[in-house]
Amino acid sequence: MTDVVRLSTEALLILVSLADGSKHGYAIQQDIHVVSGRRLGPGTLYGAIARLEGAGLIEAMSERGARRPYRLTAAGTRHLRTELASLKDLMRAGTRRLAAR
């Protein structure tokens, strides 16, 4: 994994979903819809999952029947914390700038 991984919005949503525990693909889709109002199609979801696995940010667990759960790796947890802190800083800057208008 490289030190800097640029995440798509979809990848960030997947990491947020997995932050409270492992989930299989459909459960990730449902959770993302609950927390963000967005619905990710299967191609978008599993493409982002493959990229996150390739970057070492999530890992597949043993299959449970027909479902394969995924979980955050330690690197994924660190990366999510960094991304969320960056978004918080961006939100503060944007809010300040809007207030000055």
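Modeller: Quick ground rule before we start: helices (H or I, at least four residues) and strands (E, at least two) are DSSP runs, numbered from the N terminus.

Colleague: Fine. Which helix is Val 35 found in?

Modeller: Val 35 sits in helix H2. Bear in mind that this is a predicted model, where local features need pLDDT of at least 70, side-chain atom pairs count only at pLDDT 80 or more, and totals for chains, interfaces and linings use all residues. Residues are numbered from 1 along each chain as its sequence is written, and side-chain values use heavy atoms, with hydrogens and water left out.

Colleague: How far does H2 reach from its first C-alpha to its last?

Modeller: H2 reaches 16 Å with its 12 residues, close to the 16 Å expected at 1.5 Å a residue. That expected span is 1.5 Å times one less than the number of residues.

Colleague: And what follows H2?

Modeller: Gly 37, with a positive phi near 80°.

Colleague: Which residues of H2 are buried?

Modeller: Gly 25, Ile 28, Gln 29, Asp 31 and Ile 32. Buried means under 20% relative accessible area, exposed over 50%, and partly exposed in between (1.4 Å probe, protein chains only). Their cover includes helix H1 (9-18), strand E1 (23-24), helix H3 (42-54) and strand E3 (69-72).

Colleague: OK, on to the core. Which residues touch the most other members?

Modeller: In the largest nonpolar core, which has 21 residues, those are Ile 14, Ile 28 and Ile 58. H1 supplies the largest share of this core, six residues. A nonpolar core here is a set of buried Ala, Val, Leu, Ile, Met, Phe, Trp, Tyr and Cys residues joined through side-chain atoms within 4.5 Å.

Colleague: What does Ile 14 touch?

Modeller: Not counting residues up to four places away in sequence, Ile 14 touches Ile 28, Ile 32, Leu 45, Ala 48, Ile 49 and Leu 52. Contact means heavy atoms within 4.5 Å.

Colleague: Why does Leu 40 count as buried?

Modeller: Because its relative accessibility is 6%. Leaving aside neighbours within four places in sequence, Leu 40 is in contact with Glu 10, Gln 29, Ile 32 and Leu 45.

Colleague: How far apart are the C-alpha atoms of Leu 40 and Met 91?

Modeller: They're separated by 24 Å, and the two residues are 51 residues apart along the chain.
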